[in-house]
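Good morning, and thank you for making time for this item. Please look at the sequence and the structure as they come up, and I shall then go through the features one by one.

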Amino acid sequence: MKTKKVPMRMCTGCGEMFDKRTLVRVVKSPDGDVSLDLTGKKSGRGAYVCKNSDCLKKARKKRAFERAFGMQIEDSVYDKMEEEIANA
């Protein structure tokens, strides 16, 4: 019996590789809206971050999401994502 391959993704904040299911997906929709995708099912370009606010702050400081999505992201979007991670 074959073992299933576990998909690995890199956290944009700390740069560590983790199992895809342990990370939170940040998605840029086809409309250009950036939001958290807690289900991992939304359509659009995705980037991953750990489920703690420290990694989100590191990614914000490095402008990792802006590079991944090729667009400018407003501070209000980051603030909203921090709230959602804290509540999740």
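This is a predicted model: local features need pLDDT of at least 70, side-chain atom pairs count only at pLDDT 80 or more; totals for chains, interfaces and linings use all residues.

In Cys55, the sulfur has its closest cysteine sulfur in Cys50, at 3.7 Å, which is too far for a bond. A disulfide is a covalent bond between the sulfur atoms of two cysteines. The cut-off applied here is 2.5 Å between the two sulfur atoms, and the 3.7 Å from Cys55 to Cys50 is too far for a bond. Cys55 itself counts as buried, at 5% relative accessibility.

What is the closest cysteine sulfur to that of Cys14? It belongs to Cys11, and the separation is 3.7 Å, again too far for a bond. Cys14 is partly exposed, with a relative accessible area of 30%. Over the whole structure, the search returns 0 disulfides.

Let me turn to the interior. In soluble globular proteins, nonpolar side chains tend to be buried together. In this model, the largest nonpolar core contains 20 residues, and Val26, Val49, Phe65 and Phe69 have the most contacts inside it. At least two core residues come from each of the strands β3 (24-28), β4 (34-37) and β5 (45-49), and likewise from each of the helices α1 (53-62), α2 (64-69) and α3 (75-87).

Leaving aside residues up to four places away in sequence, Phe69 touches Val26, Val27, Lys28, Val34, Arg45, Gly46 and Ala47.

Val6, Met8, Met10 and Met17 make a nonpolar surface patch of about 370 Å². Of these, Met8 is placed in strand β1, residues 8-10, and is partly exposed, with a relative accessible area of 41%.

Now to the charged side chains. How many salt bridges does the structure hold? The count is 6. One of the pairs is Asp19 with Arg21, where the closest N and O atoms are 3.2 Å apart. Arg21 counts as exposed, at 62% relative accessibility.

A second pair is Arg60 and Asp79, whose side chains meet at 3.3 Å, N to O. This pair links distant parts of the chain, with Arg60 in helix α1 and Asp79 in helix α3, 19 residues apart. Both partners count as partly exposed: Arg60 at 25% relative accessibility and Asp79 at 37%.

Arg60 also meets Glu82 in a salt bridge, at 3.3 Å from N to O. Glu82 lies in helix α3 and Arg60 in helix α1, so this pair ties together parts that are 22 residues apart in sequence. With Asp75 included, Arg60, Asp79 and Glu82 are linked in a network of salt bridges.

I shall finish with two loop positions. Arg63 is found in the loop between α1 and α2. Although Arg63 is not a glycine, it has a positive phi of about 55°. At 46% relative accessibility, Arg63 counts as partly exposed.

The other position is Gly40, in the loop between β4 and β5. Gly40 is partly exposed, with a relative accessible area of 41%. Computed along the sequence, how many residues apart are Gly40 and Pro30? They are 10 residues apart in sequence, and in space their C-alpha atoms are 16 Å apart.

Key. Residues are numbered from 1 along each chain as its sequence is written. Side-chain values use heavy atoms; hydrogens and water are left out. A nonpolar core is a set of buried Ala, Val, Leu, Ile, Met, Phe, Trp, Tyr and Cys residues joined through side-chain atoms within 4.5 Å. Buried means under 20% relative accessible area, exposed over 50%, partly exposed in between (1.4 Å probe, protein chains only). Helices (H or I, at least four residues) and strands (E, at least two) are DSSP runs, numbered from the N terminus. Contact means heavy atoms within 4.5 Å. Patches are made of residues with over 30% relative accessible area and no salt bridge: like charges are joined within 9 Å, nonpolar side chains (Val, Leu, Ile, Met, Phe, Trp, Tyr) within 5 Å. Accessible areas come from the Shrake-Rupley method with a 1.4 Å probe; for residues, only the protein chains shown count as cover. A salt bridge is a side-chain nitrogen of Lys or Arg within 4 Å of a carboxyl oxygen of Asp or Glu.
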